[in-house]
Each structure stands twice: as structure tokens, then as C-alpha cells.
Amino acid sequence: MRISAHTVCTAIRDDIVAGVLPPGSRLAEEQLAQRYGVSRVPVREALRTLESEGFVVSRRHAGACVAQPGDREAADLLDIRALLEPLGAARAAQRRTEAHLKVLRGLVRLGRQRALQGQEADLRSLGDWFHETVAQATGSPGLTALLVQIRRKITWLYAGEPVSRAAQLWQERGALVDAIARGDAERARALAAAQLERATLARRQFRPAPVRTPKPAVNTGRGQI
């Protein structure tokens, strides 16, 4: 079965965000093809996409490498997010479906449970899922793509929310879902802005995030990404 460039792109991006492929590391097409169990063609297409997203840069005589954003670019991402996420929350309140609400409520319930149990790994994945669902609820493919891409970059460049604040964070997300469910766009916008202000203050205190411990290579040919 042929593995698509989109699937390979997702796998490489995930490894960049997780720190498995550190900033500045060379991305040789042949090595990546072997790592993900694909030919060089989808790898080449995936690298072009990731370069357009800012995760990869091409260097003359050196080929593709993982990007190394500076402090100013990292800080700008927080400012852009502060502008876009409240807008996304307001749009979600106006356009969400019952399916979106069902997923969001389920995620808040799970998030609160995991916060009480201190399960950090689960909290991060649930948080990503929560915000991607809010982004999808905007009903705007362009806005959804921007919101998801910015959040991925911030996850890459900054350490996550401290576990000690996880319970409060999921309470705040629950209140946001309530506002979205009521169709209260202004309340949703205000809640998202307030949450982001607290998160931004915390994140500006540590940059960049430490590189994670490498994990074993994942072969997309076996359907594991």
C-alpha cells in the first residue's frame, strides 16, 4: 500500500514537535524514507509542506534541516495566538454542531479526571484534541488550519502547562464549552482571552522547551504514526 505524503508529513511533524528530530538536525531524504518505511517521493513532498509551515528550512549545500526559530519568532507566535484563539472561540460559539459539543464535553470530563490523577502525558494529548475540536467548530477551514498550526508550533517551542495548574485549566475549558454551547460568542471570546493571558505569562518564563528523549523510529508502513 502506498503511503501518502500527507501521512509522512504528519509523522515527521509529530517527531519534530516531540523533539525526536531536534532543531538544526539534518533531514536526509534517504534516511527519512528508511525511518518511515516509504520511498523518497512522499518524503520530498512532505518536506516541502513542512518548509511552508516553518518547521523545516532548506540550506544551500546542506539540504533540509529542522528549523531553529529565534526568541523573537517564538514570542510573536504567542502574540498571534492571543489574537486568533479568542476569535476562534467566538466563531465556535456561533457555528458549532452537536457533534462538536459532544466531543468537547467528553474531553473536559476526561481532562478533569486525568488532572486529579496527575496523568501528565494524557493531559497534553487531551488538551491538543480539545483545542483542535474548538478550531474545527469554527466552520472555517482557513482559520482551523491557522489555529492548529500555531498551537503545534507553540507546543514545539515552549514547555507545556505545569501539571499543578491542570485542574484549574480544565475547569476553565469547561466554562468555555458552556459558553460555546449557549452560543454566547462574546463570553467565549472573553474566556479564551483570559485563559491565554495566564498561559502566555507562564510560557514567557521559559523558552525554549527542553529537547525530549528520543523515541524509537516509527514505520508508517505498518500504520503506526
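Of the 225 residues in this protein, 44% are buried. Keep in mind that this is a predicted model. The exposed surface comes to about 11800 Å², and carbon and sulfur atoms supply 52% of that.

Now the fold. There are nine helices and two strands. Going along the sequence, the order is α-α-α-β-β-α-α-α-α-α-α. If we take contacts between residues at least 6 apart in sequence, 76% of them join residues at least 24 apart.

On to the salt bridges. The structure has ten, and I'll go through a few.

Start with Arg35 and Asp15, whose side chains meet at 3.1 Å, N to O. Arg35 sits in helix H2, residues 29–36, and Asp15 in helix H1, residues 5–17, so the pair links parts of the chain 20 residues apart. Both Arg35 and Asp15 are buried.

Next, Glu85 and Arg151 form a salt bridge at 3.0 Å, N to O. What does this pair tie together? Glu85 belongs to helix H4, residues 71–95, and Arg151 to helix H7, residues 141–157, so the bridge connects parts that lie 66 residues apart in sequence. Here too, Glu85 and Arg151 are buried.

Is Arg189 buried or partly exposed? Its relative accessibility is 30%, so Arg189 counts as partly exposed.

Conventions:
Residues numbered from 1 in each chain as written. Predicted model: local features only at pLDDT ≥ 70, side-chain atom pairs only at ≥ 80, totals over all residues. Heavy atoms only, no water. Helix = DSSP H or I, 4+ residues; strand = E, 2+ residues; numbered from the N terminus. Buried < 20%, exposed > 50% of the residue type's maximum accessible area, 1.4 Å probe, protein only. Contact = heavy atoms within 4.5 Å. Areas by Shrake-Rupley, 256 points an atom, 1.4 Å probe, with all protein chains shown as cover. Salt bridge = Lys/Arg side-chain N within 4 Å of Asp/Glu carboxyl O.
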